Amino acid sequence: MPRNKDFKRLVRARMKKTGEAYTSARAQILKKSTAKTTSRVAAAASDTVRKQDYAAAAGMSDAAIKAKTGCNWERWVKTLDQFGAENMSHRDIAAMVSKTWKVDSWWSQTVTVGYERIKGLRARGQRRDGSYEATKSRTFDVPVETLFDAWADKTLRDRWLGDTNVKVRTATAPKSIRLGLADGSILAVGFLPKGKAKSSVAVSQMKLPDRETANRLKQYWSEQLDALGDVLATSTP
């Protein structure tokens, strides 16, 4: 709010310009001043809420991303914005995160996807090209080699996935595998050790037409991972 002398000077200037009475001119200036203050407060509050929503938009907590990469989401957004990441491709952002800040490939992808979601470049479950993907992950109490074999070995795979028309396209033991599915789509599967007797698998079925299909397949893969857990439990000594 202007100091008293400054305020009176503003009132007289408005009276001279508009021909208003002192009380009318004073009321209009007070109204404008209050509106500006309210706007600044609202903008500050909006910025705070936006920053608090970063983790929700990214789909991962600040604590988790900071523990694995050294930065929370606000810091990543600020840094990547400075490097012009908003106008870069997904591949280029992930490569920059990996090379510049020495973040391993798994987490550089997580940072990139989270950043794209925060910036509105993709929705949850949506890729930058507008298509959708169904993703699901699970941790099991088995070595990563055992978990990989449950996907790569057809005999083992058929026990939990069923005798479906699935073909291994590429495989890098015990890190990743790509499967061609009966409907012509591709399933990307990544494996991560979490100790000698614990590991996780993350599946991603891509190029889906809409969110409804993605949600349906996400539920499907959740059920298949339940079945995989049952097989691993009975197969592991």
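How many residues join strand 2 to strand 3 in the hairpin? Three. Let me set the ground first. This is a predicted model: local features need pLDDT of at least 70, side-chain atom pairs count only at pLDDT 80 or more, and totals for chains, interfaces and linings use all residues. Residues are numbered from 1 along each chain as its sequence is written, and side-chain values use heavy atoms, with hydrogens and water left out.

Now the sheet. Five strands form an open sheet, order 1-5-4-3-2, with antiparallel pairing. Strands are DSSP runs (E, at least two residues), as are helices (H or I, at least four), numbered from the N terminus. Two strands pair if DSSP finds at least two bridges between them.

Strand 1 (132-140) and strand 2 (167-172) stand at the edges with a single partner strand each, so one side of each has no neighbour in the sheet. For strand 1, the antiparallel pairing with strand 5 (residues 199-208) runs over eight bridges. There, threonine 139 stands opposite serine 200. Strand 2 is joined to strand 3 (residues 176-180) by five bridges, also antiparallel.

On to helix 10. Its 25 residues, 211-235, should span 36 Å at 1.5 Å a residue, and its end C-alpha atoms are 36 Å apart, which agrees. The expected span is 1.5 Å times one less than the number of residues. The buried residues (under 20% relative accessible area, 1.4 Å probe, protein chains only) include Leu217, Trp221 and Leu228. The buried residues of helix 10 pack against strand 1, helix 8 (144-152), helix 9 (154-161), strand 4 (186-193) and strand 5; contact means heavy atoms within 4.5 Å.

Methods. Buried means under 20% relative accessible area, exposed over 50%, partly exposed in between (1.4 Å probe, protein chains only).
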